[in-house]
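Dear colleague,

Please find the structure below, together with its sequence.

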Amino acid sequence: MNTIGILTSGGDAPGMNSAIRAAVRTALNNGMRIKGIRNGYDGLMKGDIYEMNVSSVADIIHKGGTILGTARSTDFKNKEGQERGAQILSDYGIEGLIVIGGDGSFKGAKALSDLGIKTIGIPGTIDNDMGYTDYTIGFFTAIETVIDAIGKLRDTSSSHGRAVVIEVMGRNCGDLGLYSGLAGGAESIIVPEHEFSIDDIVEKMEHGRKRGKLHHLITLAEGVGDPYSIARELEERTGIETKVTILGHVQRGGAPSSVDRLLGSTMGSRAVELLLEEKTGLAIGYVDGKLIEVDIDQAVGKKSQFDENLYELANNLSK
Ligand code: ADP
Ligand code: F6P
């Protein structure tokens, strides 16, 4: 294989640049050419493609976002769009493709692999919602961002004797809320994987107040409920003023953490090695401390296993 391509797709995630850098440098070190495809599948269908060299990826390992740009493309979900993408890859002489993204992006990668393009997937999303891998690139940086916010909200909430509902991202997955809630010492954690009970939170808030706790921090995974309604109900029932902070896209940015740089660097390099071995239709993951590869078919749609032990621990520690 002489020429490969690389794209990032779906929501950006800190550490994607580390993966791009590793893939580009590994390809060049092995005498291959590598082309960057801008703005995910959207850019692919438009032929927005450029030759990358060693300098294209200089000074990016520490940068959030993705230098390639990313997009969500509806057209690529159709057979026609996928065939156009495959045709453009072959017009540009691209024999192998690395796709960095989440579950949706992997479905696109699978479609291209089925159309004869050798394709490898690298998991990049802050949601950690891909069940075949323990962690996705971007997840740990997002946790750092959330716990930084939790720490600041703790300061002001304690000063005013308030509670705060902190809405975090995660799509349909509670990992970001759980891990950041545990690491940030949140008193209550609301995730899609568990029915939540307002009664339990009210009881915790009242119990905390009795023992002199001035704040009550609640992480709420997006989509589980309306943060303003939850806050209003808690305030009405406890008499404790309850604010809402929606962290939003701030969770997607920032310099990647060490873990995300390491995941990006190792996975980016491995993806090129797999293409050199003429492999296709594989997703790289990280399981029990090691890089693994599985058929992208097995990776797609595999829901992540919610860590019940961590959830129980977080609840026990916040009593
Ligand atoms: P993520 O990759 O983070 O899960 P999305 O679900 O938005 O993000 O998917 C990213 C892109 O992947 C979509 O905009 C679309 O171009 C492509 N994609 C999603 N689902 C499919 C599908 N079923 N078939 C082909 N491509 C898809
Ligand atoms: O998949 C990453 C993610 O940030 C989710 O947590 C969130 O639901 C979604 O993307 C937001 O998407 P957008 O940036 O398109 O608003």
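The shell around ligand 2 draws on both parts of the chain, with at least three residues coming from each of domain 1 (3-137 + 256-301) and domain 2 (140-252). These domain bounds come from an automatic or database domain assignment.

Please note that this is a predicted model, in which local features need pLDDT of at least 70 and side-chain atom pairs count only at pLDDT 80 or more, while totals for chains, interfaces and linings use all residues. Residues are numbered from 1 along each chain as its sequence is written, chains are lettered from A and ligands numbered from 1 in the order in which they are written, and side-chain values use heavy atoms, with hydrogens and water left out.

The two domains

The C-alpha centres of domain 1 and domain 2 are 34 Å apart. Between them, 13 residues of domain 1 are in contact (heavy atoms within 4.5 Å) with 12 residues of domain 2.

Ligand 2

Which residues are around ligand 2? They are Arg 72, Thr 125, Asp 127, Met 169, Gly 170, Arg 171, Glu 222, His 249 and Arg 252, where a residue is near a molecule if one of its heavy atoms lies within 4 Å of it. By type, this shell has one nonpolar, three polar and five charged residues; Asp, Glu, Lys and Arg count as charged, Ala, Val, Leu, Ile, Met, Phe, Trp, Tyr, Cys and Pro as nonpolar, and the others, Gly among them, as polar.

Oxygen atoms of ligand 2 lie 2.9 Å from a side-chain N or O atom of Arg 72 and 2.6 Å from one of Asp 127. In Gly 170, a backbone N or O atom is 3.1 Å from an oxygen atom of ligand 2. Taken alone, ligand 2 exposes 400 Å², of which the protein buries 74% (Shrake-Rupley method, 1.4 Å probe).

Ligand 1

Ligand 1 is surrounded by 16 residues, and the closest are Arg 72, Ser 73, Gly 102, Gly 104 and Ser 105. For Gly 102, a backbone N or O atom lies 3.0 Å from an oxygen atom of ligand 1, and Gly 104 likewise places a backbone N or O atom 3.0 Å from a ligand 1 oxygen. A polar side-chain atom of Ser 105 is 2.5 Å from an oxygen atom of ligand 1. Taken alone, ligand 1 exposes 550 Å², and the protein buries 85% of that.

Yours sincerely

Conventions:
Polar contact = N/O pair within 3.5 Å; in protein donor to acceptor, adjacent residues only side chain to side chain.
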